Amino acid sequence: MTKTRIYFNRWFSVAYHYMNMIRNNEDGMQFEIYGTHSDPNNMALQACDHAELEPKVTGKEYIDFCVDFCRRHRIDLFIPRLHMLDISRNIHLFKEVGTKVLVCRDTELMEQLMEKDHFYESVRELGIMSIPDYFTVSNASQFKHAYEALTNAGHEVCFKPCNGEGGMGFRVIDNSRNPLEELSGHTQNRISFEDAFRAFSSVESFPNLMVMERLQGYEYSIDCLADSEGNLLAAVPRRKAGGRLRKLEENADLLNIASEVASAYRIPYNFNIQMKYQNETPKLLEINPRMSGGLHVSCLSGINFPYLAVKLALGYEVGPLHPQYGILGSHVEQPLIMDEQKVRNH
């Protein structure tokens with residue numbers, strides 16, 4: 001039986017799970033999985049049948065690398081994470097070498113999703129969900145104004161880069177910090193206003209930050225699956241339930257938000273909506289047009305999100321899906337002997 005060839009470029013280590021979920025699918029479809037990364041010891045590569053090192057390049061050079069990789073290995077389906085926007089803009093180059101790409105093709109939407117403040121404004125205009133109070137700032141004076149406006153409105157304050165990924169650059173402003181105590185404790189993502197203002201004042205300007213109200217309630221990731229036209233097929237709200245615990249909940253408000261987002265933005269295949277409650281109101285943190293870092297936990301619902309997205313991208317139909325909710329999930333580390341010969345230099 002001919003195996004379908006799938007390529008993951010530089011992904012998070014959790015792609016190790018997604019590759020195996022695709023490989024161990026319920027239909028018995030056969031896959032050969034290829035991967036590249038700049039780090040030869042990245043865990044995701046250990047799940048690949050074939051792995052190579054990526055060059056540390058960007059822009060057109062990186063696109064040329066990916067297209068050439070797909071051509072050399074006759075890749076059927078490319079699942080990108082790194083430089084998704086550039087790849088979406090150049091999808092015609094992959095089509096020319098016979099490779100389908102599992103990515104949102106709406107580049108204007110992709111640009112909005114990458115710059116979180118721009119996307120917030122789109123959400124505000126549509127009115128499909130609540131967003132936190134926020135300001136976009138790029139210098140110390142603007143930062144001070146935003147902080148004072150939010151605190152005067154009764155909010156605790158945090159900030160993060162407009163185009164950051166995950167928790168990179170996220171800080172909570174906490175003026176009660178004790179730096180001496182912190183030296184003997186865990187690393188904190190907290191900073192006082194004075195320390196932040198001093199740092200921001202050391203430069204004339206800096207890349208855009210969102211200074212925003214700090215949300216105090218439960219945090220959810222809603223993992224979603226849609227077809228190639230963006231029609232929602234399944235959604236699983238996954239709540240942070242303390243430590244590594246995650247609760248898969250049939251939350252009507254969040255399921256309705258997932259449906260509204262799908263109808264408004266038509267994001268295909270896998271996407272993830274991150275929400276956090278302020279009192280009784282869920283507010284948007286961000287939307288990622290890709291598989292989330294915790295998607296393997298949401299797959300405990302009985303929905304094989306990575307494989308079904310691949311199946312849809314290859315042109316197959318996916319029948320009605322019925323996630324199981326009410327599941328408390330978690331994960332543990334698993335020791336793994338590294339295959340040091342896994343990665344080849346091209």
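On a 1 Å grid over the protein atoms alone, a cavity is a set of points where a 1.4 Å probe fits but cannot get out, and a lining residue has an atom within 4 Å of a point. Grid points are joined across faces, edges and corners, and a volume is the space filled by probe spheres set on the points.

Before you click, some ground rules. This is a predicted model, in which local features need pLDDT of at least 70 and side-chain atom pairs count only at pLDDT 80 or more, while totals for chains, interfaces and linings use all residues. Residues are numbered from 1 along each chain as its sequence is written, and side-chain values use heavy atoms, with hydrogens and water left out.

**Stop 1**

The largest cavity has a volume of about 80 Å³. Select Leu102, Asn270, Pro289, Arg290 and Met291: of the 13 residues in its lining, these are the closest to its centre. By class, that lining has 11 nonpolar, one polar and one charged residues. (Ala, Val, Leu, Ile, Met, Phe, Trp, Tyr, Cys and Pro count as nonpolar, Asp, Glu, Lys and Arg as charged, and the others, Gly among them, as polar.)

Now hop to the second largest cavity, at about 30 Å³. Pick out Phe8, Asn9, Arg10, Trp11, Met19, Gly35, Thr36, His37, Ala44 and Leu45, which line it. Which strand gives the largest share of this lining? Strand 2 (residues 31-37) does, with three residues. Helices (H or I, at least four residues) and strands (E, at least two) are DSSP runs, numbered from the N terminus.

**Stop 2: the largest pocket**

A pocket, by contrast, is an open set of points with protein on both sides within 12 Å along at least five of seven lines. The largest one holds about 1,300 Å³ of space. Its lining counts 47 residues, and Arg238, Lys240, Arg246, Gly293 and Gly294 are the closest to the centre. Colour the elements that give two or more residues to the lining, among them strand 12 (232-240), strand 14 (269-278) and helix 11 (295-298). The lining splits into 16 nonpolar, 16 polar and 15 charged residues.

**Stop 3: helix 1 and helix 12**

Show helix 1 (residues 15-23) with helix 12 (residues 305-313): their axes come within 7 Å and cross at roughly 60°. Axes are lines fitted to C-alpha atoms, for helices over the stretch in contact, and angles run from 0 to 180 degrees between N-to-C directions. The pair is therefore oblique; angles under 35 degrees count as roughly parallel, over 145 as roughly antiparallel, 65 to 115 as roughly perpendicular and the rest as oblique. Tyr18, Met21 and Ile22 of helix 1 make the contact (heavy atoms within 4.5 Å) with Pro306, Tyr307 and Val310 of helix 12. The residues here are six nonpolar, no polar and no charged.

**Stop 4: helix 7 and helix 9**

Next, select 140-152 and 193-201, which are helix 7 and helix 9, with axes within 8 Å and a crossing of roughly 155°. That makes the two roughly antiparallel. Zoom in on Ala140, Phe143, Lys144 and Tyr147 of helix 7, facing Phe193, Ala196, Phe197, Phe200 and Ser201 of helix 9 in the contact.

**Stop 5: helix 5 and helix 6**

Finish at helix 5 (residues 107-114) and helix 6 (residues 116-126), whose axes come within 5 Å and cross at roughly 110°. They are therefore roughly perpendicular. Leu109, Gln112, Leu113 and Met114 in helix 5 meet Lys116, His118, Phe119 and Ser122 in helix 6.
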